[in-house]
Amino acid sequence: MTTADVLELTREVDKFGPDLQGLMEIGGVAPARADRRLIGDLRIVRSQLEATGLSMAEAHALIGRSILVRYLEDRGVLTRAYFEGVAEGVAAWQHNLDFEGDTLVLGPPGKQRFYDRVLRDADYTAALFEKLAEDFNGDLFSLGEARGKRFSGPVLHMMRAFLLGEVESDQRPLFFWAYDFEVVPLALISSIYEQFYHDALDEEGDGAHTESDERAEKLKVVPDRQAHLDQKNNQKRVKDHDELRQEAGTHYTPANLVHDVLRRTLTPARLTLEPKILDPACGSGVFLVEAFRRVVRFEAQRLRRKLSPAELRTILQRRVFGIEINAEAARVAAFSLYLALLDQQEPPDIASGGSLPYLLHSGVRDERRFGIIVVSDAFALTDEERRLLSDRVAAKRSYAGRGDDLKLLAAAGTLDLTLNDFDVVVGNPPWHEASNREPVPRLWASAFQLPAGEGSFSQLFIHRAITMLREGGALGLLVGMKVFWNDRDTSRAFRRHLLAHAAIAQVVNMAHVRRVFFAKAVAPFAFMLAEKRRPNPAERAVLWNARRVGSVERLRTMSAVPLDRRVVAQADLAEVDYLWKVFWWGGHHDAALVSRLRMERTLGEAVENFDPPPRYGWQRGGGEPTSLLAVLPELSNKKVQPFGPLQDEWFLPPPRGVKRDPDQRIYDGRRLVMTHGVREPLGPVARLEDRPFSFRHSFYCIPLRHVTDAQAKTALGVLWSSLGRYLLFMTAGSWGGWHDKVTARDLLGIPIRFAPSWGMARAEHDDATARVVRAVELLRDSAPAEPQSHIFIDRQSGLTSRENDSAIRLLDNAVFDLFELSLSERDLVEDFWAEEHDLYWKGAASSATKRLPLSGAVAGSRTGSVDASLPKGLSRYLRAFLDAWEEHLPEVIELSWRVTPSPGGDALAVTFDLVDPSASDGMAASGDWASVVARCAAALSRPVSPAFHVRRLVRAVTNNGFVVLKENARRLWTASTAREDAEALFVQLASRRSA
């Protein structure tokens, strides 16, 4: 490689860097101190207002009105003349307006505020609110239950104290007075008020969702019917209830997440088409407000001027719509949209603009009543849907589902919107499952033959979004990750339907960083962008995977590299459902290995006709245990360990009350007993036992009475091995999400080789099987691990004994040999556990993102040995890359390499030169490379806005070699990534030669 090649590469990075796709980091810095202070002040005043007897809605209405008045004052819309006009003819009111009071009123320099003076008099305040409602409109100044309410003097005095920063002497001064809304961005106060609103709902315990409040209120803790449950179990129920509320989404959608969703959905190309936008679960309007702002900005840039008030109202009337089931949340959405509209106008335009339009739908839409926010269940029936169902039930007196259709017609309200009428659907609908007490969504899906797994609201809202979109329209929704991972048959049917009726453009999996955005969130979620149209045969989807690395913890950002960008044929996702999970932490090489393993005979097939069949254990209930259950001790799923003999302390007394007791033969005889839950990094705890004991439903049992002892131990060995656990993690839809577990389907799908297959020699099979059995016997006879030491598989932790570690290595190698894994496949499994799973499990604390120590440039060649002084990961990378290319190179060609770190050590460049050993070294001088790598390293991570950064890698084919340049992180420089890099470069070279 020449210096000219190097400089040309640098120019390409600088020129095309933004087009080298990378995952945008979502800048989510913690709220500014002033913002947190204001939110705290709002909590104080709301609490104090409610203490006077106001409802939460009334307290919100007064606070919202006060924020609006203060905003209009600071913008210069409400001047002294306006307040004097309200006070005209009433001497007492005029006196209040003139009297400054004893307290020094602090505020922005050069501005005089009068609202706090009005609040001294309840009648004057009521008259001001009436005047504002007349001049603006009822939606804006009649929020919530406070429509027409006259607030008492003590309540208004408390509000005044809040505005002036006065509180009781034992509290710190309040902060609201310091805000000047002429210079403070409106987005700030709008989002603060919204966050405050949802925080208040959380504190109320209503289980409200940011985007759909009333549904979650129905998620109540069901009292346990067993009177003997102790306090610990009661506390667990409360915790489970809290987690259920969090799964439902009881949290405020952060602004930076909203920005990212709309940046991906409302692209310049789509905005050019003047899209009509719908949020089907708009909550308090955060998506609607930002969508309105983006449309306004785009139009202003297109026209190269500021939009007129009439143009702004036209955009609001025709381009932005929302549905919200909770009336209070809908009023807050209207509040936010009004602020957004006012913020785009100058004070004279606001003052002379007349009444604002009504945004809440009242049954009529005209030039004054826009009706863009519909207070309704999103699954209420449109006129077209009601007509279709009515015709169906009238045409046939008997058909399957007619009763449900009648129930839907009776229970569902009317959704006054038109099907197939929107160009874009965005939002963050609920993620939980619709309960039986919420029949309308389920009935709606059933009536129109739309499959939805167990009433998943994410799946239901995707269906609803598609029905509202025009052909070719786009939907960009935040959804629960269960949409893609749940392995129940109903969810698989949903995915097949989705992939047949929509083209998936991209999915951004945020499961690993969910707590960055939602501090209390436990449910994994993702962003999905799709178009309503039948996909082309060659349609491809881009799957992004965010990683919780160090910068995420420090800055609350998402960070990923192009290595975590996967491009998948949509047809493959439709045909091979488990690929949704494989491509979270794996790539196409992992998909190939998983596909090969799933061609093997499975454990389920091996025991298919056995009696008794595999079962879960008993469940607690009120029934009297009989026969064996009455006397057998219970194996505790919390205490049991994988290795060593059974210990007495692992057992509990026989159960006192049971239900759904399965075939009791599973409690005796040779059997595999496996925990339903997962322990990291082990996975499920599996044991092979013949001693009689019972177990609860948290265990799954596979009786093995009809196989040999060696076959039973082989099955256990596969489950214990790194290969078996790798396959479970890659395909189990519930491992890696919320409440990590594996299902019976997952366990029965484990590959088994009880006999040679696929052309394997009998001697090789028997040798591998014997080594598996020997390793299993060593581990079964070893001392049991302490309960806190279940991370025995993590060899870097130092928690395994030397004997167990040796047996585990023996087991892994034997299982690799049993399934005839190639060197690259073995590297893939080992690199996964050492790097990818380590990052998944430990996040920012993982060593997978640590830098490889390299003090300076190092060079070598294919024929020479790789420098032993190199970090282990880097030496494995170089060997794997050289081996991958060896078969493609003539013997007379030498492949030389050089590793050059950037000056700061944050990036590495590896160059490979194809040279004739007899010729002079064509590699650029070391000094040249140091300069080039420094420039390229800076280009790898470039901010594109205050909120976003993009990380890239470079794989380039030059005239006589290759260049790989990427971040210096252990996980990016493994033997497996070397093969990916070599493969990508080979494709580039082949494409260049064919061109």
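I started with helix α15 (residues 286-303) and helix α16 (residues 309-319), which pack with their axes 11 Å apart at an angle of about 135°. This is a predicted model, so I'm reading these as computed values. An angle over 145 degrees would have counted as roughly antiparallel; α15 and α16 are therefore oblique to each other. I noted the crossing of α15 past α16 as right-handed.

Which residues make the contact? On the α15 side I listed Phe292, Val295, Val296, Glu299 and Leu303, and on the α16 side Glu311, Leu312, Ile315, Leu316 and Arg319. Sorted by class, that contact has 7 nonpolar and 3 charged residues, with no polar ones.

Next, the backbone. I kept in mind that most peptide bonds are trans and that most residues other than glycine have a negative phi.

I found a cis peptide bond between aspartate 611 and proline 612, with omega about 10°. Proline 612 sits in the loop between α30 (603-606) and β11 (615-616). Another cis peptide bond joins glutamate 680 and proline 681, and there omega is about -5°. I placed proline 681 in the loop between β16 (671-675) and β17 (686-689).

Then I looked up positive phi. Glutamate 274 has phi near 55°, and the loop it lies in runs between α14 (268-271) and β1 (277-279). Its relative accessible area is 46%, so I wrote glutamate 274 down as partly exposed.

Asparagine 420 also has a positive phi, near 55°. I located asparagine 420 in the loop between α20 (402-411) and β5 (422-427). With a relative accessible area of 39%, asparagine 420 is partly exposed.

Technical notes:
Residues are numbered from 1 along each chain as its sequence is written. This is a predicted model: local features need pLDDT of at least 70, side-chain atom pairs count only at pLDDT 80 or more; totals for chains, interfaces and linings use all residues. Side-chain values use heavy atoms; hydrogens and water are left out. Axes are lines fitted to C-alpha atoms, for helices over the stretch in contact, and angles run from 0 to 180 degrees between N-to-C directions. Helices (H or I, at least four residues) and strands (E, at least two) are DSSP runs, numbered from the N terminus. Angles under 35 degrees count as roughly parallel, over 145 as roughly antiparallel, 65 to 115 as roughly perpendicular and the rest as oblique. A crossing is left-handed if the near helix is turned anticlockwise from the far one by less than a right angle, and right-handed if clockwise. Contact means heavy atoms within 4.5 Å. Ala, Val, Leu, Ile, Met, Phe, Trp, Tyr, Cys and Pro count as nonpolar, Asp, Glu, Lys and Arg as charged, and the others, Gly among them, as polar. Buried means under 20% relative accessible area, exposed over 50%, partly exposed in between (1.4 Å probe, protein chains only).
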